[in-house]
Structure formats: C-alpha cells, structure tokens
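Take a look at the structure below. This briefing goes from overall confidence to one strand and its partners.

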Amino acid sequence: MTVTETRPPAAEPASAPETITVPVSLKKLRRIGARPGFTDYLVQLWDRRQFIAFDAQARVQTANDKDKLGSLWLILTPLFNGLTYYFIFGMLLGTGRGIDNFVGYLVIGIFTFQFSASAILAGARSLVANESVIKAFTFPRAALPIAANLRELLSSVPSTIVMLLLVIVAAPVEEITWRWLLIIPVMLLQHLFNLGLSMLLAPFLYKVHDIGNLLSFVLRLWMYGSAVFYSFDRFNEYPPLVKILEANPLFCVIDIVRDSVLYAATPAWQSWATLAVWSLGLLAAGFFVFWRQEESYGRVS
Amino acid sequence: MAGSAKFALSESGVRWDAEPSIVVDNVDVHYRTQHHGDVGDGTGGILAAARRRFGGSSSTVKHALHQISFVGYKGDSIGIVGRNGSGKSTLMRVLAGLTLPTGGSIYAQSEPVLLGVNAALIPSLSGAQNIRLGCLAMGMSEDEVESKYDSVVEMSGLEDEINHPMKTYSAGMGARLRFAIACAVDPEILLVDEALNTGDAQFKQRSKQRMDFIREQAGTVFIVSHSLGTIKENCNRCIWLDKGDFIMDGDPEVVTKEYHNFVWRMTQGNKDYGMQIRNEIMASRPQIRTDLLESGWRSAKAARKRAAGKP
C-alpha cells in the first residue's frame with residue numbers, strides 16, 4: 001500500500017491496453033537482492049556466525065565419511081606427504097645438507113605450508129563448490145569462504161599436534177620451551193592470511209572456473225619458493241633474491257614456527273611484522289573485493 | 001472458440017483495496033548460451049574446439065524472462081502455470097533474490113523464502129543437520145532452531161529417517177524436507193516450486209494447512225505447479241507465463257482454462273491459432289509502471305503534493 005491516496009482513474013474498458021502506475025513506498029517495501037552497504041554487510045555476516053560455525057563443524061566431521069579410515073586421514077595425509085618429500089629431497093637429492101635436524105625442518109615446512117595450501121584452495125573454491133547452497137538460501141555469501149577457512153583451521157589442529165609429536169620423536173631431541181606457544185598466534189595470523197587471499201580469489205574463480213585448475217600449480221610453485229625442503233642459505237650470493245624470498249608471507253610463517261619449535265630462538269620481529277602486514281592487508285582487500293561482487297553470485301550467465 | 005469477451009478477464013491484477021507485499025517492476029532475465037551443435041564433426045580437433053569456445057558467433061542471448069511486471073498482495077495465493085521452459089522457476093529464483101535480474105527490480109516487504117526442487121541441500125549431511133544448516137542460513141539463531149526443530153521434523157513427516165544422510169532420501173522425501181525448512185522461518189512471502197506434487201496425501205494436507213496459515217497472517221504464497229488441480233485448489237489468483245512472457249493474470253478458473261485450451265491447441269497441431277490467441281491475450285493486458293516513493297519527509301511531502309494536485 002504504499003501510503004499514497006492516489007487512486008487510479010475509474011476502470012476503463014479493459015480490452016484497450018493502458019498504463020497503470022503503482023506507487024511503491026520504500027518505507028514498506030525494499031529492493032530484493034540488492035547489495036547492502038559495507039558495514040551492513042559485516043553486521044549481516046556477524047548475524048550468521050552460528051551458521052558459519054555449524055557449516056564448518058558439520059563438514060569437518062563428514063569430510064572423510066566415504067573413506068574406510070575416516071577422520072584419520074586428517075593426520076595421514078600430511079604424514080605421507082612428509083614421507084614422500086623426505087624420501088625425495090632428504091635421501092635422494094640431499095637438499096638438506098647443512099641443515100640442523102632436517103627431519104624436523106622438513107616436517108614443519110610441509111605441515112605448515114599444507115595448512116595454507118588446502119585452506120586457500122578450499123576457500124577460493126567455496127563459491128563454486130557451494131552453488132547449490134547459493135541457489136537455495138539468501139545470506140551474505142562471504143559466509144562461504146569464511147566457513148571453508150574455519151573448517152581448514154579446525155582440521156589443522158590434529159595435524160599440528162602430529163607435527164609437534166614428530167618433531168619430538170625425530171632425533172635429535174628438542175627441548176620444549178615457552179616459545180612453542182607462539183604457534184598459536186602465528187597460526188591465527190596465517191589463518192587470516194588464507195582467508196584474505198581466498199576471498200580475493202573466490203569471485204574470480206566463480207566467474208572463470210579455469211582459474212581453479214591453475215591455482216594448484218601456482219600453489220605448488222609457491223611451495224618451492226618457501227624453503228620447505230631446502231634453506232635460503234644456498235642463495236646467499238644473491239642478497240636481493242633472498243630479500244624477495246623473505247618477504248613471502250608463508251615463508252615468514254614457516255620461519256617463525258621453525259625458530260620457536262626447532263631452534264628455541266625467539267623469532268625476529270621483522271618476520272612478525274611482514275606476516276601481520278600481509279595478513280591484515282589481504283584480509284581488508286579480500287573483504288572489499290568480495291563484497292563488491294556480492295550481487296553477481298548466483299546470476300545466470 | 002475463445003471470443004474477445006474472454007480477453008477482458010486478463011486484467012492488470014492491480015488492486016487498490018489491498019496492501020501490496022511484492023512489486024515486480026519490468027524484470028528481464030537474459031543469459032548467454034553456447035551452442036555445442038558441432039558434436040558430430042570430429043575432424044576439427046582441439047583447435048576447432050578452441051575456436052568454437054572463443055568464437056563469438058556461437059553464443060546467443062536467451063530471454064528467460066521478458067518485461068515481467070505484476071503486484072502481489074497480502075493474503076494472495078498466486079499460482080503460476082506455463083509450459084516447460086516458460087521461466088516459472090527463474091521467476092521464483094528472481095523473486096527470492098537468488099538470481100539478480102538483468103534489468104528491472106523487485107520490491108518486497110520482507111525476504112521471500114524459496115526452497116525449490118532443485119535446491120540441493122547438502123547430500124552427505126543427515127536430514128537433521130540439513131534442517132539446522134538451512135535454518136541457520138536463513139538467519140535463525142541456535143535457540144530458535146532448537147525450539148522449531150521438532151515442528152520442522154513433524155511437518156516433513158520424516159521422523160524415522162531424519163538421522164540418515166540426505167542422499168538416501170527419495171525425491172518426495174527431499175521435497176518434503178525442503179518445504180518444511182522453508183516454512184520454519186514463518187516467511188511472510190513463501191515461494192513453493194513444485195514441492196507439492198511429490199508429496200503423499202498426508203503431506204498435501206499439512207502443506208495446505210501451512211499455506212492457509214501464512215495467508216491468514218497476511219502473507220503471500222506463490223505456487224508453481226503443472227497440476228492445474230493443485231492451483232485451483234490452493235490459489236485465489238493465477239499467472240500464466242510462456243517463453244518468458246507474461247501472458248495472463250486473473251482468476252485461477254479462467255486462467256487455467258485459457259492455458260489448458262492453449263496447450264490443447266498447440267498439441268493438436270493448431271499452433272498458429274494457439275500463438276495468435278496467446279499474443280492477443282498478452283497484448284490486452286495493461287502496462288504496469290511503478291512510482292517510487294522514497295522514505296523520508298521530503299518524499300512524503302512530495303507525495304501529498306502529488307495527491308493534492310490530482311482532482
């Protein structure tokens with residue numbers, strides 16, 4: 001109703017097409033499907049926090065339902081990954097020469113990188129993978145990459161524990177210091193970094209599915225550039241290269257974890273600063289880009 | 001057979017004695033499709049396939065909906081009929097805000113809720129988990145879900161299977177679960193896409209009660225169905241879409257009869273005559289335009305002025 005008192009002219013013979021003007025009061029009716037303002041969007045997202053939490057949790061439980069070993073794969077996958085790389089790079093190629101406790105070094109590199117790789121992949125694919133949910137329910141779509149990242153964060157907990165056990169078991173024996181607790185803040189920063197990057201990528205991947213196929217190659221290249229199974233010391237003759245490699249946020253994460261767990265050294269503040277700038281910067285950029293594209297998710301094209 | 005007197009019945013559907021709950025203003029939905037017509041041509045190989053993919057000539061624009069305008073009122077129960085591919089489901093998705101129209105806009109008093117046949121919930125999760133997930137996705141809180149949960153299960157009639165994964169459900173069971181979830185939020189505007197056809201007698205009874213309840217609460221219900229009986233039984237108004245065009249809007253008895261005649265002519269080979277009647281009905285419908293009144297005192301004043309200016 002549309003508050004107005006305007007009445008149409010008395011009914012004309014309906015056989016002749018005419019034009020009827022319907023008043024629409026925006027006080028009572030609002031546009032459907034329109035993108036809310038940025039702050040409204042964040043508020044709506046906050047209102048769906050229970051949905052995000054439930055989605056993440058329910059899917060962690062059922063992710064490996066079809067496998068005979070079930071959730072054990074959360075631990076077995078990184079473990080076998082580690083064995084493969086140890087066999088190739090540690091024993092066959094010997095890239096670990098001159099690195100103290102290479103097994104620990106390698107294990108930390110692989111487990112830590114794997115967390116980011118699977119989270120970025122899952123987050124970037126979350127719109128494509130959840131098309132049925134997008135077509136069924138109206139909610140701020142940012143909930144999907146957030147839930148995917150939360151799911152990866154949850155499933156990284158058991159694998160991190162395995163990682164620490166492996167470091168303890170692998171000789172030489174490491175002493176456990178308070179610095180082991182630094183894993184928690186560094187993983188949270190890493191989580192924010194993953195989230196920001198996947199929110200940045202998800203809209204593009206939704207438009208051009210092909211990017212998803214490229215992404216796994218890019219991630220592999222990135223892993224080779226993050227000193228997972230060798231040390232940057234081999235590039236010491238080229239200081240600019242080392243500088244570039246050290247700006248790599250995932251290398252920062254790996255470096256911080258290695259320093260605190262393996263070498264009982266307090267990580268340099270520069271690593272923390274680089275990582276924090278990357279994480280918060282990408283998170284802001286990711287949220288903004290994702291929100292800008294909000295109306296395009298679920299459009300037929 | 002259909003004389004011109006009948007065309008007088010396809011009116012605009014605009015009423016002045018009821019409060020609108022949803023206004024659809026000149027909505028267009030276009031999309032591009034790619035032809036994959038050259039399947040039989042195996043000589044081209046990869047390069048030809050790439051050319052086909054990137055060649056602009058192979059894609060055409062399809063009109064899923066073309067200049068759709070109508071007004072839905074509180075207490076209305078609107079049936080939507082049309083042949084396959086007429087744009088019924090697209091219209092439902094656009095009304096629900098799940099698909100953004102290429103042109104035009106939709107205004108509604110509150111978020112319409114749709115759970116159609118194609119709304120795949122998550123197959124690996126159990127029915128119970130899907131209920132929680134769906135309710136939370138629609139913006140309910142954990143506590144609300146907790147208090148509604150039993151009534152949703154009862155509505156769906158799936159007490160025995162609720163803890164089984166959804167992929168083990170039959171089509172009818174899935175449709176019942178979707179309908180029950182859609183009703184859980186007490187929507188003011190409920191969109192029902194084919195869900196009623198698959199249910200058994202008991203479910204039909206429950207869903208009819210539910211829709212009557214929504215209408216009594218001054219809500220609006222849209223029902224897409226190929227069963228004209230379902231439409232006549234549940235609706236006080238009926239819309240006929242054909243190939244994305246809005247053909248007719250009016251009393252269900254009249255519209256379904258006109259639609260039935262049209263389909264009969266088309267299948268009996270009298271296509272030209274059928275299309276001619278269809279186009280005449282469509283052309284006799286008045287145009288609907290909308291006049292946006294901004295909220296705020298300035299526009300209220302303007303509206304008063306406008307009203308006063310008219311005799």
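How many helices and strands are there in chain B? There are eleven helices and ten strands. Keep in mind that this is a predicted model.

**Confidence**
- The model has an ipTM of 0.75 and a pTM of 0.80.
- The average pLDDT of chain B is 81, and 80% of the residues reach at least 70.
- Residues 1-10 of chain B have a pLDDT below 50. Beyond near neighbours in sequence, this stretch makes 16 contacts in the model.

**The chain as a whole**
- Chain B has 311 residues, and 44% of them count as buried.
- Take the contacts in chain B with a separation of 6 or more: 75% of them link residues 24 or more positions apart.

**Strand β7: buried or exposed?**
- Strand β7 of chain B spans residues 220-224. Five of its five residues are buried, so the strand is largely enclosed by the rest of the structure.
- Thr220(B), Phe222(B) and Val224(B) point one way from β7(B). Val221(B) and Ile223(B) point the other way. Residues on both sides are buried.

**Partners of β7**
- Strand β3 of chain B, residues 77-81, runs parallel to β7(B) and is joined to it by four bridges. Here Ser77(B) stands opposite Val221(B).
- Strand β6 of chain B, residues 189-193, also pairs with β7(B) in the parallel sense, over five bridges. Here Ile189(B) has Thr220(B) as its bridge partner.

Terms used:
Residues numbered from 1 in each chain as written. Chains lettered and ligands numbered in written order. Predicted model: local features only at pLDDT ≥ 70, side-chain atom pairs only at ≥ 80, totals over all residues. pLDDT = per-residue confidence, 0-100. Contact = placed C-beta atoms within 7 Å. Buried ≥ 20, exposed ≤ 12 C-beta atoms within 10 Å, placed from the backbone. Helix = DSSP H or I, 4+ residues; strand = E, 2+ residues; numbered from the N terminus. Pairing = 2+ DSSP bridges.
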